[in-house]
Amino acid sequence: PAPAANPFTLPPLPAFAALGLHPELTSRLRLLAPSTTTALPLEAPTALQAVAIPALLGAGGRNLAVHAPPGAGKTLAVLLPVLEEMRREKAWGLQLERRPRVLWLAPTRELGSQTYGVAKTVTRGLELRVADLARAQRMMGVDLAVGTPGAVLKVLNPAHERPLVLSRVGTVVLDEFDFLLAATGTAKDTREVLQQCARAGPAGKGAA
């Protein structure tokens, strides 16, 4: 059998790097491809990603919405610029506290776990830590926290054994925001999380 791919030696994907993403981040995209050396579906960004990634990298504190049909690549369209900005902050020495800087709200536990898996793969070997709030994970040292609004509220409780602190959160992603803000119960929890982020965190931006 062929040896496992080494994320530290994989070449970057130029088409993604041209969008403003660092090569050490784009090279990890190859880890999302099948294990064979012939099938690499992520050689180039989708049409949505080609537009959304530069826009989100240059958002400058604005709130942006990304709307597209299934299969358009929305998760990576939002996740990659989020990870790139965190990578830049770390490279520039701007990270003062090891607390989450990005909060990713997912409509279901399953979708949150999928997003966590993608983020975990893309950040392999980088000094970025991702946490799935559906799991019993320590929050200190986490850069990106992923979970449903209900899971977020649960770990925001100061009495929780691994409490989540929002003081460094500058970006909140609402995955499937139409569902998050419309579904009974979920909408209430989503608004509560956003209110707590506004009270505790620095002025930031959001992406949906």
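The following exercises, with worked solutions, concern a predicted model of one protein chain.

Residues are numbered from 1 along each chain as its sequence is written, and side-chain values use heavy atoms, with hydrogens and water left out. Local features need pLDDT of at least 70 and side-chain atom pairs count only at pLDDT 80 or more, whereas totals for chains, interfaces and linings use all residues.

**Exercise 1. The chain as a whole**

Describe the secondary structure and the burial of the protein chain.

Solution. Step one: helices (H or I, at least four residues) and strands (E, at least two) are DSSP runs, numbered from the N terminus. The protein chain has 8 helices and 5 strands, and from the N terminus on their order is α-α-α-α-β-α-β-β-α-β-α-α-β.

Step two: a residue is buried under 20% relative accessible area, exposed over 50%, and partly exposed in between (1.4 Å probe, protein chains only). Of the 208 residues in the protein chain, 47% count as buried.

Step three: contact means heavy atoms within 4.5 Å. Among contacts in the protein chain with a separation of 6 or more, 69% join residues 24 or more positions apart.

**Exercise 2. Helix 3**

Determine how the buried residues of helix 3 are arranged about its axis.

Solution. Step one: helix 3 spans residues 47–57, and its buried residues are Leu48, Gln49, Ala52, Ile53, Leu56 and Leu57. Step two: seen down the axis of helix 3, these buried residues fall within an arc of 125° (taken from the directions from the helix axis to the C-beta atoms), so they line one face of the helix. Step three: the exposed residues Ala47 and Val51 sit on the face of helix 3 turned away from its buried side. An α-helix has 3.6 residues a turn, so residues three or four places apart point the same way.

**Exercise 3. Two threonines**

Locate Thr190 and Thr171, and state whether each is buried or exposed.

Solution. Step one: Thr190 belongs to helix 8 (residues 186–200). Its relative accessible area is 0%, so Thr190 is buried. Not counting residues up to four places away in sequence, Thr190 touches Leu105, Pro149, Leu174, Leu180 and Leu181.

Step two: Thr171 is in strand 4 and is buried, with a relative accessible area of 12%. Thr171 and Cys197 lie 26 residues apart in sequence, with 9.3 Å from C-alpha to C-alpha.

**Exercise 4. Val165**

Characterise the surroundings of Val165.

Solution. Step one: Val165 is in the loop between helix 6 (149–156) and strand 4 (171–174). Step two: Val165 counts as partly exposed because its relative accessibility is 31%. Step three: leaving aside neighbours within four places in sequence, Val165 is in contact with Arg99 and Pro100. Step four: the C-alpha atoms of Val165 and Ala200 are separated by 8.3 Å, the two residues being 35 residues apart along the chain.
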